[in-house]
Amino acid sequence: MSKPLYLGEILLHWCGKCNVPVLGTKCACGSFTKTVTITPPGDIRPAFDYDIQLINFVSMQQFNAPLIDDKKVVVLNKAPYDDRMDEIIVDGVVLGSIRFELDSLKWVLLLRVEGARYLFQCKSLSDMKNWVILEHDTVKFILAGANLLAPGVIDADPNIQEKDEVVVLNPDGKVIATGRARMSGERMKERHKGVAVKVRDKDEAKEKVLLCGGQSWEDVIDANKHFMEEFIASSHKFIKNVVSSMNKPVTVSYSGGKDSLVVLQLVSECLEDFDILFADTGIEFPETVVNAKEVSELYGKPLRFISSGNAFWESANSFGPPSVEMRWCCKVCKLGPIAQIIEENYKNGCLTFIGQRKYESDTRAKSERVWKNPWVGNQVAAAPIQDWTAMHVWLYIFMRGLLYNPLYEKGFDRIGCWLCPSCSVADFYRLKETHPEFAAKLEDYLLKHARKYGLSPGWVEHGLWRWKKLPPRLQEIAKTKGISITPKSAIKSTLEFKMISGYRPCKQGGVSAEGSFDITLDLEKIKSSGMLEAVGRVAFMEGVASVFQGDNSAQIFAGGTVTARSDSEKNVREFIQSVERSIMRALRCSGCGVCVGKCPQNVIVIKNKIAVIGKECIHCGKCIDICPVVKFS
């Protein structure tokens with residue numbers, strides 16, 4: 001599981017008198033608030049009706065009762081996980097989490113003791129599911145941190161299956177713990193040896209005190225007005241100061257998402273003269289394109305619009321599906337077109353306000369609030385809402401009655417390209433319900449790609465296509481389910497290398513470049529040749545090779561893609577070209593021996609009619625350009 005990431009101050013508090021979330025220590029009613037302990041980074045947001053319906057649907061499936069059965073304000077906190085997971089906060093307490101599990105491809109409700117009390121208090125066990133009753137003498141061991149062993153079980157729902165989420169109660173019917181079953185309910189009742197429940201949360205038996213419901217988001221706005229006015233005023237001041245410090249035309253980058261909408265409204269409250277920029281990547285949701293046009297009409301400002309048309313699908317066959325590490329689609333479909341808009345409309349460049357927030361990622365948290373855009377010439381970018389949480393954003397939208405994208409109410413927590421590899425697998429399964437034609441098109445493309453390169457259908461089904469190098473948890477799932485994840489292909493090719501035009505700032509710092517061969521790469525052959533040693537220090541692991549040379553680094557994936565990073569565009573170009581040429585040498589070497597005489601260290605030998613570079617190589621690269629494979633390819 002991903003580790004908690006602190007990106008800024010955690011601002012969620014709760015007013016017990018008003019029973020609403022508050023973004024500070026004192027509510028507008030005058031009452032002091034209590035801090036709600038949530039998982040960092042704490043990018044809290046309102047739960048929409050769809051979110052509540054989903055929570056209650058899963059709760060009904062697991063426990064035969066809805067978790068949220070009163071009209072109350074519900075807050076969600078996006079928590080780190082392998083896919084999508086939200087903590088559920090009601091009445092100022094975290095009731096549990098709802099997460100999409102990648103092995104089962106299903107939503108699961110993971111209750112905390114507080115949430116279990118909401119469900120089971122004053123309920124008859126005959127009406128409930130997935131409950132376990134333990135002996136009185138066993139309670140002390142559970143509270144001390146032990147798992148529940150089968151001999152300590154008095155009774156259990158016989159329909160419990162292994163790996164089900166369960167609620168543990170004492171003989172008096174009070175909730176003691178929650179966790180996951182390690183055996184069936186029938187086996188628990190037989191009281192044989194073994195762990196019956198792996199306990200996740202536990203607490204002393206007590207009655208749950210329920211707060212009165214009936215609150216609305218209008219009440220939340222009223223409770224937070226003083227905090228919101230402070231944040232709004234700070235953003236207004238920032239916008240005016242940045243504009244006054246430079247003599248450039250002002251633009252707002254609009255994506256159809258909530259953050260850029262808020263920035264647009266803030267800028268409109270400070271300035272009269274500005275344009276709106278919108279790049280249709282060709283893989284936007286239709287709702288997003290419609291929203292962008294409606295919003296520009298509403299504000300009465302020029303919309304600098306450009307569409308990439310079918311550029312993504314025209315490039316997909318060359319570069320393969322985009323991945324988290326290699327989002328070539330951003331360059332092809334977005335960054336280039338935006339640069340074109342600026343080049344055509346702003347001769348001396350422009351100042352662009354964007355909806356960047358530090359709570360979104362570590363990279364954005366470390367970003368300056370004003371910076372020169374390294375991938376779009378003549379653009380200075382500025383972030384007026386850098387310190388806002390998603391709750392600030394939504395309260396401002398509700399306060400101003402802004403026209404937000406309807407996709408937020410359909411279960412999507414981020415708005416972007418509908419096939420972005422940075423989306424959660426949960427989003428792709430939701431896509432099947434909201435836009436089945438898009439989901440079918442993506443699945444058809446991915447399955448064809450998988451068949452071509454000898455990958456399992458599970459590579460598509462479990463969203464493994466989104467990574468070139470799988471995170472540990474996904475590697476475990478692939479191994480457990482027998483999913484083939486290393487590309488293999490017997491397709492003959494000219495070994496053509498295509499580099500994606502345009503360079504973007506890399507998450508790790510510096511500048512990155514990406515490219516792709518039109519076939520899979522035999523990494524074992526590349527490794528045995530030692531050809532990558534001519535470029536830098538080399539390390540191999542399953543499905544990937546890494547090369548390091550000073551500030552330069554590159555990763556070569558068996559699927560044929562290559563990513564490189566350096567401190568400048570010039571260096572990253574030269575480095576990725578050296579990597580490309582070394583790969584071509586390794587796969588096409590005829591053993592001519594030209595490189596042997598060129599090596600100043602005498603570490604190249606001919607073995608089985610193939611040149612092999614030894615580990616003593618000093619990475620000078622002198623053998624690369626002299627190679628006939630490079631000179632005449």
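Q: How many disulfides does the structure hold?
A: A disulfide is a covalent bond between the sulfur atoms of two cysteines. In this predicted model, cysteine 270 is in no disulfide, and the nearest cysteine sulfur, which belongs to cysteine 350, is 18 Å away. For the structure, the number of disulfides is 0.

Q: Is cysteine 270 buried or exposed?
A: A residue counts as buried when its relative accessible area is under 20%. Cysteine 270 has a relative accessible area of 18%, and therefore cysteine 270 is buried.

Q: Why is helix α2 largely enclosed by the rest of the structure, and how many of its residues are buried?
A: Helix α2 spans residues 113-120, and its buried residues are Val113, Gly115, Ala116, Arg117, Tyr118, Leu119 and Phe120. The helix is largely enclosed by the rest of the structure because the buried residues number 7 of the 8.

Q: Which residues is tryptophan 388 in contact with, leaving aside its neighbours within four places in sequence?
A: Leaving aside neighbours within four places in sequence, tryptophan 388 is in contact with Met228, Phe231, Ile232, Ser235, Val262, Leu266, Arg357, Tyr359, Val393 and Tyr396.

Q: What form does the aromatic pair of tryptophan 394 and tyrosine 404 take?
A: A pair of aromatic rings is described by the distance of the centres and the angle of the planes. For tryptophan 394 and tyrosine 404 the centres are 5.1 Å apart and the planes stand at 90°. Planes over 60 degrees apart count as edge-to-face, so the form of this pair is edge-to-face.

Q: Over which ring does the charged end of lysine 293 sit?
A: A charge sits over a ring when, among other conditions, it is within 6 Å of the ring centre. The charged end of lysine 293 is 5.4 Å from the centre of the ring in question, which belongs to phenylalanine 305.

Conventions
Residues numbered from 1 in each chain as written. Predicted model: local features only at pLDDT ≥ 70, side-chain atom pairs only at ≥ 80, totals over all residues. Heavy atoms only, no water. Buried < 20%, exposed > 50% of the residue type's maximum accessible area, 1.4 Å probe, protein only. Helix = DSSP H or I, 4+ residues; strand = E, 2+ residues; numbered from the N terminus. Contact = heavy atoms within 4.5 Å. Phe/Tyr/Trp six-rings, centres within 6.5 Å; stacked < 30°, edge-to-face > 60°. Lys NZ or Arg CZ within 6 Å of the ring centre and 35° of its normal. Disulfide = S-S within 2.5 Å.
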